[in-house]
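Keep the sequence and the 3D view at hand.

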Amino acid sequence: MLARNNPAMALTSVNQYLDYEWVKYAYDWTRKDGAVGVDGQIGEEYTANPEQNLLSLINRLKSGSYRAPPVRRHFIEKADGSLRGLGIPFFEDKVAQRAVVMLMEPIYEQDFMDCSFGFRSGRSAHGALVAIREAIVMRGGRWVLDVDVRKYFDSIDRVKLREFLARRITDGVVRKLIDKWLKAGVLDQEQLSYPEAGTPQGGVISPMLSNVYLHYVLDEWFVEVVRPRLRGPGNLVRFADDFVMLFAHRDDAERVLEVLGRRMGKYGLELHPDKTRMVDFRFKPKSVGDDREKALATTFKFLGFVHTWVKSRFDKPVVRQLTAKDRVARAHKAFNEQIRAMRHWRIREQHQRLCRMLNGHFAYFGISGNFQRLSTLKFKVEFLWRKWLSRRSRGNYITWKAFREILNRFPLPKARIIHPYRQKASP
């Protein structure tokens, strides 16, 4: 309430809420089976005496004696084949970070703008996809800036971040804790380093800090400075550090692209020169083909979906958001590796695992207009399942007829649309 009624006020005493009930709630919401930090401690070990452990944690957080341990470097493969470095904190550190995030959320939710969708309560990637579609269909967004910020989490200027945080939070306990997490080292293959910029991606508090940073660097600038100077409608849609800008006029898009790099550079960020581009997203009837994603500057990808124009069954142009081909390939690879690894399991156990994986895929990619790619993936999964069941041992070849009998007993989930919306045509 105080943050809502006083948008320009910096709050000086929010650590008073860090009591046992608050931290216990943060502990309850922290995964006990998540990746372990450098101490190797898992959540189940912490539960041996949770009350005593949490009381000790609260005392150290408030007294200033809490020491932020280094995070463990872990790499995951990105869609383009490169590696993304994550920083995995201690389990107790995850609890502490979540407790502080819970303090910050109600404050910054009063400031964050409608264009921001990532890591916010009540908002999701599907909300961002709906916002993009509405900007195209209802507000004429035909010129798109598809933007990629190079190594965003590693490039955050900590001095600037502290200045941004000081606008809303001056509580000494909270600010010192954030500083400790920013300065915590990174352990990578027994080598401990202390980066001078950035925030470790993978930490519980990192998404909040990244949202705060881009709120002031990008969101506020676009809404208050850029949009009033545009000749026509303009929209920004951001999910964490991924964002696109949509404009009704080409000259608006060109002008913003010209100054965007300088704006980001002012705060230590850099646009990727090869991945940042302007897309001509006007409907082009003659450009219809089977490989629209490779057409130069006529489609763009965001949050795992490729956005394109197609003709509806009524011969009207409609916007479709389809599973991007690299995400299809990644899913195919994941299913192949999983089925191969579990081919000696009992059929019932394999079936349960595949159902969970398929349902998870459908839960994210099951949006209107994407049914064909969902169905294609399900067919490929059936093909892979039969292939690896046939290789369990010599002479174990399974015909399609026999495999259909297995599917009758253990049917895989049908492709389905989880997030429907009514198509609206607009040329």
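**Aromatic rings and their partners**

Start with Y27. Its relative accessible area is 5%, so Y27 is buried. Keep in mind that this model is predicted.

How many aromatic pairs are there? The count comes to 18. Y27 and F91 form one of them: their ring centres are 6.1 Å apart and their planes stand at 85°. An angle over 60 degrees counts as edge-to-face, so this pair is edge-to-face. The two residues come from distant parts of the chain, 64 residues apart. Y27 sits in helix 2, residues 20-28. F91 sits in helix 5, residues 91-108. F91 is buried as well, with a relative accessible area of 3%.

Now move to F305 and F365. Their ring centres lie 5.1 Å apart. Their planes meet at 45°, so the pair is tilted. Which elements does this pair tie together? F305 belongs to strand 10, residues 305-311. F365 belongs to helix 13, residues 347-365. The pair therefore ties together parts that are 60 residues apart in sequence. Are these two residues, F305 and F365, buried or exposed? Both F305 and F365 are buried.

F164, Y213, Y216 and Y267 are joined into a cluster by ring pairs.

Finally, look at F117. The charged end of R123 sits over the ring of F117, 4.7 Å from its centre.

Definitions and conventions. Residues numbered from 1 in each chain as written. Predicted model: local features only at pLDDT ≥ 70, side-chain atom pairs only at ≥ 80, totals over all residues. Heavy atoms only, no water. Phe/Tyr/Trp six-rings, centres within 6.5 Å; stacked < 30°, edge-to-face > 60°. Helix = DSSP H or I, 4+ residues; strand = E, 2+ residues; numbered from the N terminus. Buried < 20%, exposed > 50% of the residue type's maximum accessible area, 1.4 Å probe, protein only. Lys NZ or Arg CZ within 6 Å of the ring centre and 35° of its normal.
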